[in-house]
Structure formats: C-alpha cells, structure tokens
Amino acid sequence: MMLLDMTGNGPEHDSAGPGHLTKRPFSLFHSLCLLVIALALSGQVLADCECGYQSDDLDGIYENVFTDLIETNFARMPDISTNTDWLRQEFNVTKAKARGQYGEMFYIKDDVEYVDNIGNRASDGLQLIVRQDLIDGMVPVAEVDTARLDLSYGTFRASMKLTTIPGTCAAFFWYFNDTQEIDMEFLSKDFDHNRKVYPVNLVLQSRAAAAHGYDASQTDNFIQANLPFDPTANFHEYRIDYNPSEILFYADRVLLAKMKGSNVPSPESHGHLILSHWSNGNPNWSGGPPKEKASLVIRYLKAYFNSTDPKRAQDWDGRCKNAKTETSVCKIPVVTRENQTAKDWFFSDYPDMSKNQTVYEISSGARALEVMARWMMIVVGLLMIGLAGGF
C-alpha cells in the first residue's frame with residue numbers, strides 16, 4: 001500500500017507566472033479527507049478469519065482450525081430451489097435395494113412448505129416430508145445434499161426439530177461411499193414420551209459393516225445414545241466432529257459418543273453432507289410408513305471443514321498471510337442448551353469474515369447497509385477533496 005506524506009511540509013515552489021495557480025502544501029484538510037477514505041476502506045482491505053475457523057475440542061479448548069465453510073440459514077431462505085449450496089434429490093429406490101417392505105421415492109415437489117395456502121409462514125425452516133400414501137409401492141420421502149463434494153475433516157452442525165409421528169428415520173450424515181459414512185439417525189417409532197426415552201443411533205458405516213450386510217449394529221462402530229431432551233418439542237443442534245483419529249457426536253454440545261480406530265474415513269475421502277427423512281416399512285429400523293404426513297424441520301446447517309480440492313488449498317494459502325494475528329483465525333460460537341445465542345450467528349453474514357468462501361447468502365441486510373455506508377464515506381471524502389482544491 002502506498003503511504004502519502006501527510007505532514008504538510010512538501011517541497012517549496014516558486015510563484016507561478018501569470019495565469020497559473022500557486023501550488024500549495026498538502027493541507028490538514030486534505031489529510032482529514034484521506035483519513036475518511038482510509039477508514040471507509042479499512043473494512044474492505046483487512047479481513048477477519050482469513051486463515052480459517054477454529055472449533056472447540058472435547059474439553060472446550062479451541063484447537064482445530066478449518067479452512068472452508070458452508071452456512072445455510074434455512075429459516076430465512078424463501079426458496080431452496082434457487083439455492084446454490086444444496087441439491088434437492090429426486091430418484092427412486094427399489095424395495096430390494098431399500099431393504100424394507102417398500103421402496104422409496106425421493107420427491108422434490110412437496111419437500112418444502114414455507115408458506116400455507118393463505119400466505120402465513122408454516123415453518124421455521126426447511127421441511128423434509130415423509131408422506132403416508134404409497135406411490136407405485138414406494139414411500140414418498142425427501143433429501144437434500146450439499147453441492148460441494150470436497151468435505152474432509154471438519155465440524156458439521158445441524159439445528160433440527162424431529163417429527164412426533166412414528167414410522168420415519170431422520171438422518172444427518174457425512175457420506176463418501178457405503179463403507180465410509182458417518183451417521184446420526186433418529187427413529188421416531190422409538191421415542192417414548194412417557195418414559196422420556198429419546199434414542200439416537202450413531203453409526204460409522206465401514207468395511208466391517210459391509211461384511212455384516214451393512215448392519216453397523218453388528219460392529220464396534222454403532223452406539224445408541226439417549227438424548228437428554230425431547231427432540232420433537234424444539235430445535236436442538238446436532239453435531240459431528242470428524243477428526244483424523246476419532247469421530248465425536250454431540251447434541252447441544254453434550255458429548256454423546258466417540259469412535260476411533262481404523263474404520264475412521266481416510267483424509268482423501270471427499271465426502272458431502274446429507275439431510276434426509278425417509279421410511280421403507282422395515283420393522284427393524286424405520287418402521288412405517290407413518291399414518292400421516294411427518295415433517296423433519298431443519299433451521300440451519302453450519303459446516304466448517306478442510307477441502308480435498310487442491311484449488312481450495314491454493315486459495316487458502318493465498319489469503320492466509322499471518323496466522324498469528326489476533327483476527328486471522330475466528331472461533332466458532334458454541335450452542336448449548338443453556339445458551340442458544342450462537343444459533344443466530346453466521347460468519348457468512350459478514351463479508352469480511354467469509355473472504356474467498358463460496359456461500360449462498362453473502363450478507364444480511366444489516367451488513368449490506370454497513371458496506372453501503374462505507375462506500376458513502378468514500379464518496380464524501382472524494383467530494384471533500386475536490387472541493388478543497390478551490391481553497
């Protein structure tokens with residue numbers, strides 16, 4: 001950046017001849033004008049988080065740093081069909097392949113219901129719907145996948161409210177292939193409100209699971225944990241931390257389980273995230289189909305991760321110049337049952353905190369106004385300098 005001499009002690013000039021203006025020293029007024037412009041530009045030139053996003057570990061210590069992010073606030077998205085971060089899935093699964101009593105029809109026509117028939121908002125987020133009426137022997141179900149397929153190690157967080165209707169499986173998972181998959185699966189038929197039992201199945205699909213007919217419950221990589229709350233009553237944040245040596249599962253920052261060993265996916269596995277709600281009538285898993293329409297509501301998805309794409313590594317290397325500066329790495333806010341403040345925090349709402357990131361929602365209205373105000377300051381500064389030429 002070029003630095004200007006703003007002392008006002010410029011070189012001396014002789015008086016110009018007739019018809020010429022005398023050149024004046026750089027004045028304090030000019031200096032103030034340039035200061036206005038510098039302040040306005042400061043938020044555009046200097047960026048926070050340019051070296052990544054830091055996650056807390058099991059002990060609450062901030063340690064792991066991830067270079068990339070995907071953040072989606074479904075609660076303020078008017079139409080997912082226009083979203084560039086997510087792909088709605090439309091395909092059929094046969095009864096045999098689904099390993100259930102029925103096939104599955106992944107259906108995009110009615111998987112989102114944001115507004116009811118008279119224009120009132122009907123949901124707090126994305127609804128993935130499982131319907132009760134079969135179509136050609138298949139249960140209509142719903143799924144959305146991240147468009148990006150380059151997700152490696154990271155921390156993945158989804159705020160969800162589960163259905164009260166028995167007979168569905170709600171799933172939040174990282175997927176590379178059928179033997180490298182990290183799942184959190186919720187079976188609504190197993191929720192017991194009287195006994196306050198709300199199990200979640202934590203699954204690591206692996207070669208060992210494939211050897212048992214893809215039944216991970218027959219391996220060491222299956223844990224059924226009980227949630228410390230009713231997941232159908234409100235939104236809660238479910239979290240998967242995928243690290244090189246182990247995988248940790250959380251609910252509202254409470255550790256549910258951890259898995260480690262040779263079955264942890266390899267760092268070369270370029271996976272993606274999936275949010276799914278389905279049923280195939282299998283009495284040993286999803287049960288169902290449900291007796292009425294069942295909805296899984298997703299308020300947000302936040303993913304902070306390292307990319308397997310070499311281009312993304314080059315981009316990170318280009319923007320991360322000094323990892324030791326105070327703002328170069330940003331801490332990821334934590335959601336707990338006691339403190340839900342962080343649920344409304346998105347780095348992608350702040351352009352200076354998501355430089356060189358590909359996100360659907362670039363900025364909130366408040367941040368857009370701030371950027372506009374900065375540019376107005378620049379314009380005012382330039383006008384002041386122009387007017388000062390006549391002083």
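**Aromatic contacts in the predicted model**

Phe 186 and Tyr 238 are both buried. The model is predicted, and the structure holds 15 aromatic pairs. A selection is described below, grouped by topic.

**Pair of Trp 174 and Tyr 242**
- The rings of Trp 174 and Tyr 242 form a tilted aromatic pair, with 5.1 Å from centre to centre and 55° between the planes.
- This pair links distant parts of the chain, for Trp 174 belongs to strand E10 (residues 169-177) and Tyr 242 to strand E14 (residues 236-242), 68 residues apart.
- Trp 174 and Tyr 242 are both buried.

**Pair of Phe 186 and Tyr 238**
- Phe 186 and Tyr 238 make an edge-to-face aromatic pair, in which the centres are 4.9 Å apart and the planes stand at 65°.
- Because Phe 186 lies in strand E11 (residues 180-187) and Tyr 238 in strand E14, the pair ties together parts that are 52 residues apart in sequence.

**Aromatic cluster**
- One aromatic cluster is formed by Tyr 53, Tyr 304, Trp 345, Phe 347 and Tyr 350.

**Lysine over aromatic rings**
- Lys 302 lies over the face of Tyr 300, at 4.5 Å from the ring centre.
- The charged end of Lys 302 also sits over the ring of Phe 346, 4.5 Å from the centre of that ring.

How values were computed. Residues numbered from 1 in each chain as written. Predicted model: local features only at pLDDT ≥ 70, side-chain atom pairs only at ≥ 80, totals over all residues. Heavy atoms only, no water. Phe/Tyr/Trp six-rings, centres within 6.5 Å; stacked < 30°, edge-to-face > 60°. Helix = DSSP H or I, 4+ residues; strand = E, 2+ residues; numbered from the N terminus. Buried < 20%, exposed > 50% of the residue type's maximum accessible area, 1.4 Å probe, protein only. Lys NZ or Arg CZ within 6 Å of the ring centre and 35° of its normal.
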